[in-house]
Amino acid sequence: MKFNHFKAVVFRELKQMLQRPIYIYMTILAPLFCCIFLITLMDEGMPQKEPIGIIDHDNSSLSRRFVREISATQYVDVVQEYSSYQEAREAMQNGIIYAFLEIPKDYYSDVLGYRQPSISFYINNAYLVGGSLSYKDLKMMANLSGGAVQMEVLR
């Protein structure tokens, strides 16, 4: 007896759903679309080796080593070295690079003179994933450079 009541309720509800197509859309098609969209969004996984640029005003052995270490990180790859801030900014605005790092003049002499050099980096967060991953690696390397500076001073 109870099964007959259940069956009657199911058929009544299905009849109402078929009379109004919005129910079918909201219960079946919309969730199916969302699942397919999210599954195929990053089918290749996390982006790796986002392109960044470098402005090396010092061009010393220490700054070149720092650039090599940045290029060895997981999410960024140094693809171009720029001579000025304007060139790097234009490349970032054109979407060629996601970020750029500026190494100041006298970087190596500041390290040898027991002064903490300041490294500037600029991120294009218009591309959320690329900008965030670039920021993560550049921030990590900037923090690690403080340890490298201390190591160089102690040496």
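Start with the sheet: four strands form an open sheet in the order S2-S1-S3-S4, with mixed pairing. A strand here is a DSSP run of E of at least two residues, a helix is a run of H or I of at least four, and both are numbered from the N terminus. Two strands pair if DSSP finds at least two bridges between them. The model is predicted, so local features need pLDDT of at least 70, side-chain atom pairs count only at pLDDT 80 or more, and totals for chains, interfaces and linings use all residues. Residues are numbered from 1 along each chain as its sequence is written, and side-chain values use heavy atoms, with hydrogens and water left out.

Next, select S1 (residues 50–56) with S2 (residues 76–82): six bridges pair them in the parallel sense. Click Ile54 to find its bridge partner in S2, Glu81.

Ile55 stands opposite Glu102 of S3.

Now show helix H4 (residues 85–93). H4 packs on the sheet and touches S1, S2, S3 and S4, its direction making about 165° with that of S3; contact means heavy atoms within 4.5 Å.

Finish with H3, which lies across S1, S2 and S3 and runs at about 140° to S2.

Conventions. Axes are lines fitted to C-alpha atoms, for helices over the stretch in contact, and angles run from 0 to 180 degrees between N-to-C directions.
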